[in-house]
Amino acid sequence: PSDPALAQIYANSCQLCHANPAANAPLTGDRKAWEPRLRQGADTLLDHAINGYNGMPPMGQCVECSEEQFLQLIGFMANQPLPQ
Ligand code: HEC
């Protein structure tokens, strides 16, 4: 992410899994992997980020992240704007 605070959060949490093919997470910048997930809508994605979803840990290991930050991080990783 271009925002330094967000880039820091990304590097300390999301990146550990979302840039590691062995983690089975949709990879950062892999639009194809994210497309079916984005189709669930931003509310569901946010819910899964906050409450966890299978191998996705609750809060993605960022307990201090705000909803706004989660949405920005998801948009960054998906490399496309989130649906409403
Ligand atoms: C410990 C590893 C790990 C970390 C850290 C992590 N994720 Fe994930 N994430 C996963 C895995 C694994 C999945 C795939 C879960 C599945 O589909 O079964 C996933 C899936 C997701 C999804 C898609 C959920 C869906 O409904 O399809 C979102 C959104 C997400 N992560 C956001 C984040 C954000 C934002 C961060 C950083 C704040 C983060 N993750 C950090 C492992 C991680």
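Mentor: Start with α5, which gives the most to the shell around the ligand, with four residues. Helices here are DSSP runs (H or I, at least four residues), numbered from the N terminus. This is a predicted model: local features need pLDDT of at least 70, side-chain atom pairs need 80 or more, and totals for chains, interfaces and linings use all residues. Residues are numbered from 1 along each chain as its sequence is written, and side-chain values use heavy atoms, without hydrogens and water.

Trainee: Which residues come nearest to the ligand?

Mentor: A residue is near a molecule if one of its heavy atoms lies within 4 Å of it. Of the 24 residues around the ligand, the nearest are C14, C17, H18, H48 and M56.

Trainee: Which helices each supply at least two residues of the shell?

Mentor: These are α2 (14-18), α3 (31-38), α4 (42-51) and α5 (67-78).

Trainee: And how do I read polar contacts?

Mentor: Look for a pair of N or O atoms within 3.5 Å. The H18 side chain has an N or O atom 2.9 Å from a nitrogen atom of the ligand. For R37, a polar side-chain atom lies 2.7 Å from a ligand oxygen atom. The N54 side chain places an N or O atom 3.0 Å from an oxygen atom of the ligand.

Trainee: How many residues of the shell are nonpolar, polar and charged?

Mentor: Ala, Val, Leu, Ile, Met, Phe, Trp, Tyr, Cys and Pro count as nonpolar, Asp, Glu, Lys and Arg as charged, and the others, Gly among them, as polar. The shell has 14 nonpolar residues, nine polar and one charged.

How values were computed:
A polar contact is a pair of N or O atoms within 3.5 Å; within protein, one must be able to donate a hydrogen and the other to accept it, and residues adjacent in sequence count only if both atoms are side-chain atoms.
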